Amino acid sequence: MTERALRLGTRRSKLAMAQSGQVADAVRQVTGRPVELVEITTYGDTSREHLAQIGGTGVFVAALRDALLRDEVDFAVHSLKDLPTTQPDELVLAAVPRREDPRDVLIARDGLTFAGLPDGARVGTGSPRRMAQLNAYARSHGMTIQTVPIRGNIDTRIGYVHKGELDAVVLAAAGLSRIGRTDEVTDFLSVDTVLPAPGQGALAIECAAHNASLAAALAELDDPFTRAAVTAERSLLAALEAGCSAPVGALADLLADGQIVKEMRLRGVVGTTDGSTLVQLSTTGPVPETETQAMALGRELAVEMLAKGAAGLMGERAL
């Protein structure tokens, strides 16, 4: 008798389906079981309101988690940056696979780079984090840009540029890579210019905590370095007491001496959406070997950022 198919809960967007399909293939390989995708519509997918108004990106996760808790699906795939920083006891983050490119990218008319945008260029993004950093970069380089809040899937956002409504839009590199549209990027934004969202470029594979055998099988897909990095980034976000819609950027990367990885560096930024005030700091420590160590790295940097005035910037909303 063949084992029943594992049910993978996914959002319906083209991007969610693409990344869930990639995870499904990997899970088939490690478990030897068939995997079927179960499409679930979330409130975040149907609401036209701006993210900051509907409760941050957790709105994309809640319906998938409900399906897990009701045993309608066996496991779910999320974009890790969408996950709230507190993990419910009934669910376990079984795997964080190796991260894709965490950077943000620009898709602009006429093949323009960010530095090449004309004065007054209209740049679309739904993210207060991106607005804060793009505006700060523009200010410090004598550019004037106008950041325009937008929502919608990747097609909708790129469509604003094709239709001439915007000069450029900013998206995550990883999402475009997963749907095979990297060739449309006109500029990869250096993390020195725009720090990504905590967890950007990484996926989270979640299942019910009581399903220990499935959790153990899914754990085969876990990448320990990615998990340590995103744990540090999300710990920073949590310690700043910021929701996913807050203007916080964070990136943990590994510093290698030749082939030997020696340390992990964590960089964080928080700012006002107009870019007039940014608090940007970094800390470096030994590569965390436990979740506790990774979380400590994030908390340590958050304390320094709060001491430098980050708390006063956290209430900012783009709208």
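This is a predicted model: local features need pLDDT of at least 70, side-chain atom pairs count only at pLDDT 80 or more; totals for chains, interfaces and linings use all residues.
Residues are numbered from 1 along each chain as its sequence is written, and side-chain values use heavy atoms, with hydrogens and water left out.

**The chain overall**

- The chain has 9 helices and 13 strands; these are DSSP runs numbered from the N terminus, with helices being H or I of at least four residues and strands being E of at least two.
- Some 52% of the 319 residues count as buried (under 20% relative accessible area, with exposed over 50% and partly exposed in between, using a 1.4 Å probe and protein chains only).
- Take the contacts between residues at least 6 apart in sequence: 71% of them join residues at least 24 apart (a contact means heavy atoms within 4.5 Å).

**The H8/H9 pair**

- H8 covers residues 224–239, and its axis comes within 7 Å of the H9 axis, crossing at roughly 40 degrees (axes are lines fitted to C-alpha atoms, for helices over the stretch in contact, and angles run from 0 to 180 degrees between N-to-C directions).
- That makes H8 and H9 oblique to each other (under 35 degrees is roughly parallel, over 145 roughly antiparallel, 65 to 115 roughly perpendicular, and the rest oblique).
- On the H8 side, the contact residues include Ala-228, Thr-231, Leu-236 and Ala-239; on the H9 side, Glu-291, Met-295, Arg-299 and Leu-306 are among them.
- By type, the contact residues split into 11 nonpolar, 3 polar and 2 charged (Ala, Val, Leu, Ile, Met, Phe, Trp, Tyr, Cys and Pro count as nonpolar, Asp, Glu, Lys and Arg as charged, and the others, Gly among them, as polar).

**The three-stranded sheet**

- This open sheet runs S11-S12-S13 with antiparallel pairing (two strands pair if DSSP finds at least two bridges between them).
- Its edges are S11 (248–257) and S13 (278–286), each pairing on one side only.
- Neighbouring strands here are turned by 20 degrees against each other on average, direction ignored.
- S11 and S12 (residues 260–271) are antiparallel and joined by 10 bridges; Asp-257 has Ile-260 of S12 as its bridge partner.
- H9 (residues 291–307) turns up again here: it packs on the sheet, touches S12 and S13, and makes about 145 degrees with the direction of S13.

**The five-stranded sheet**

- The order is S2-S1-S3-S10-S4 in an open sheet with mixed pairing.
- S2 (35–39) and S4 (91–95) each have a single partner strand, so one side of each is left without a neighbour in the sheet.
- The twist averages 35 degrees from one strand to the next.
- S3 (residues 75–79) and S10 (residues 203–208) pair in the antiparallel sense over 5 bridges, and His-78 has Ala-204 of S10 as its bridge partner.
- H3 (residues 62–69) lies across S1 (6–10), S3, S4 and S10, at about 165 degrees to S3.

- Most residues other than glycine have a negative phi.
- Asp-71 is not a glycine, yet has a positive phi of about 60 degrees; the residue is found in the loop between H3 and S3.
- Asp-110 also has a positive phi, near 55 degrees, and is found in the loop between S5 (104–108) and S6 (121–124).
- Asp-110 is exposed, at 65% relative accessible area.
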